[in-house]
Amino acid sequence: MSEDFSIGSLVRDNILKLQPYSSARDEFSGSASIFLDANENPHNAPLNRYPDPKQKELKKLIGGIKEIPSDSIFLGNGSDEGIDLLFRIFCEPGRDNVVTVDPTYGMYGVCAQINDIERKSVLLKKDFSLDPKSVLEAVDDRTKLIFLCSPNNPTANVLNHKAILQIVEHVSCLVVVDEAYIDFSENPGMLSMVPEIKNLVILQTLSKAWGLAGIRLGMVFAHPEVIGFLSGVKYPYNVNSLTIESAMEQLADLQLSANWIASILVERKKMAGKLPGYGFVRRIYPSDANFLLVKVDKPGSVYKYLMERGIIVRDRSSVPLCEGCLRITVGAEAENSLLLEALTDYDQLPNKNYSP
Ligand SMILES: *Cc1c(COP(=O)(O)O)cnc(C)c1O
């Protein structure tokens, strides 16, 4: 990142000129007991009221847990909202581009397509490590975002921080590091670097380690200027009252998710220990996440057999560098046992070319 790096210079002109929608609750600050400003229904409390457009209390709670000031936090309808908003704020359709490092999470590419943004795909190295040089070679002066996923989905590994920083330091665009799975890793992640690095954006989510995929709450941590643009472009009430309430409730008890993570890690280790025992399993990749990438013979056949048994895994065998691979989420102990049982039966089939 050069000395004169400015976030504003990356932003689309229409967004720079935007006068954001100002809701009744945005304009009011202070204490009042009678709210006749937003045409709400006075009956059916508390859901009759619009939620806080700034999610102040929830940001304070999350900021305390993550040790990040509220003005560096954006909350959205899943990480997917954050990803989409980054495209809409920074990438001029038909002109700008983003770089993704593949194989990785599909939403970066889907959002690029929806927003009519060219995506330059760089491959991870064969051992799934990040090659900063190849990423830097793909970057040009129309590149606005670089997406890195760490731990990466579907390869399950953390990307080397030095390699990420090498990219961050040499570009004048934003580097988005998606840490959806970071709580399953011993690696602390890069969140603590956000206050010092202006072009670093971190995504996290309550969907995985926190067990709250159903409420849709994604977090973006970035420089306050980036957060300001995200907040100006989002729907005014993008995070609903029920989501805010259940997030507040659950984040008040950190032990709960700590216990879940611990038990998932125990199960991950157990599964990683047992899977190599099957004749058709070629390789288990090391995992920093709550899933295992498993290379097998005839992945389509294993996939179909498991499906017949009512067990769904993800077939990633057509993805570059993941040839032959299934991605298997680490489930509860009982679920994992059923999976292992089914695989034992599959292993005993005389002709492992299963097709129902
Ligand atoms: C699961 C996942 C997410 C979570 O997305 P939400 O919209 O927050 O549920 C984000 N990034 C990656 C890489 C994921 O695998």
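A: Happy to. Helices (H or I, at least four residues) and strands (E, at least two) are DSSP runs, numbered from the N terminus. This is a predicted model, in which local features need pLDDT of at least 70 and side-chain atom pairs count only at pLDDT 80 or more, while totals for chains, interfaces and linings use all residues. Residues are numbered from 1 along each chain as its sequence is written, and side-chain values use heavy atoms, with hydrogens and water left out.

On a 1 Å grid over the protein atoms alone, a pocket is an open set of points where a 1.4 Å probe fits, with protein on both sides within 12 Å along at least five of seven lines; lining residues have an atom within 4 Å of a point.

The largest pocket has 22 lining residues, and Tyr50, Pro51, Asp52, Pro53 and Glu57 lie nearest its centre. Two or more lining residues come from each of helix H2 (24–27), helix H3 (56–66) and helix H9 (241–251). H9 provides the largest share of this lining, with 4 residues.

Turning to the second largest pocket, its lining has 16 residues, with Ile312, Val313, Ile328, Thr329 and Gly331 nearest the centre. Strand E11 (325–329) and helix H12 (333–347) each contribute at least two residues to that lining, and H12 gives the most, 4 residues.
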